[in-house]
Amino acid sequence: MKTSDKILICSTLSVVGILLTLELLHYIKYRKGETLGFKDIERLDFVSREDTGIHWLVLDGPMRTTFYPDGLSDRLKIGVDRSRASEIRYLRHGDTLELLMDSRHYHVRSAYDNWFSYGDYLAVHVFFPPLRGIRIRNGFVTLNNEECHTGIGAALELDSTQCWLGRYDPQHDSATYTEPWDTVSVRSINSNFIINRQVHVKALDLRLDNKSEVSDRFSLIDTAYIRGDSTANLMLRGRNFGRIHLDHVVHSAP
């Protein structure tokens, strides 16, 4: 083999090794559940976007989205995996921003799969100011207030989506801090809503329709009002029983 060929092969292998190392580091950060700042996302392999005047956010398609509250800003900030950013279409209608992904080429999983089965979903990071509502269809979502901002709430409409309230670290399933949330309102259709153990919710309002499920993983809920049809599945821990008001909905949502 010629010396020039050896140099070319070594150079190529070095570049591939560097890229694989970077991907591994990014994956390790994701598995550890580390919070990324918007500037960190820009420096990594994410395409960023900022919008003002957004009151409603819609995500439609197999996306693995982490929401970080940003109560001090009036800007909605979004970071999308650069290698697959072309798969996302942005549509803005007045104060509504839609992120649309064509799911025909991807397997959309059940809302009740294990968390690791969503690893091939498109990675999206959202830093959100106060919003009137967030609508999510066919996604996997985590609401992460690990930085413990106060006065943070969320209004969610979930359709065939798995949603975690509170950061989840699959490597260390323990709570070392309290993650505060004020009022969290969820309307769920065929979705799986999970409240993680470090979460403290002041007021929880749930409407569960069409085989929806809620799981309480030893969280603390001050008060909750839960409405559900006959297909709803509730898994609640003992210390929250006395704070929860249940109501039965005769007819499922269309």
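This is a predicted model: local features need pLDDT of at least 70, side-chain atom pairs count only at pLDDT 80 or more; totals for chains, interfaces and linings use all residues.
Residues are numbered from 1 along each chain as its sequence is written, and side-chain values use heavy atoms, with hydrogens and water left out.

Student: Why is Leu99 called buried?
Tutor: Buried means under 20% relative accessible area, exposed over 50%, and partly exposed in between (1.4 Å probe, protein chains only). Leu99 has 0% relative accessibility, so it counts as buried.

Student: What is Leu99 in contact with, leaving aside its neighbours within four places in sequence?
Tutor: Contact means heavy atoms within 4.5 Å. On that basis the partners of Leu99 include Met63, Ile78, Ile88 and Val124.

Student: What makes a set of residues a nonpolar core?
Tutor: The set must consist of buried Ala, Val, Leu, Ile, Met, Phe, Trp, Tyr and Cys residues joined through side-chain atoms within 4.5 Å. The largest such core here has 42 residues, and Phe67 and Phe193 have the most contacts inside it. A second, separate core of seven residues includes Trp115 and Trp164.

Student: Why is Cys148 classed as partly exposed, and why is Cys163 classed as buried?
Tutor: Cys148 is at 31% relative accessibility, so it counts as partly exposed. Cys163 is buried because its relative accessible area is 0%.

Student: How many disulfides does a search of the whole structure find?
Tutor: A disulfide requires a pair of cysteine sulfur atoms within 2.5 Å. The search finds zero.
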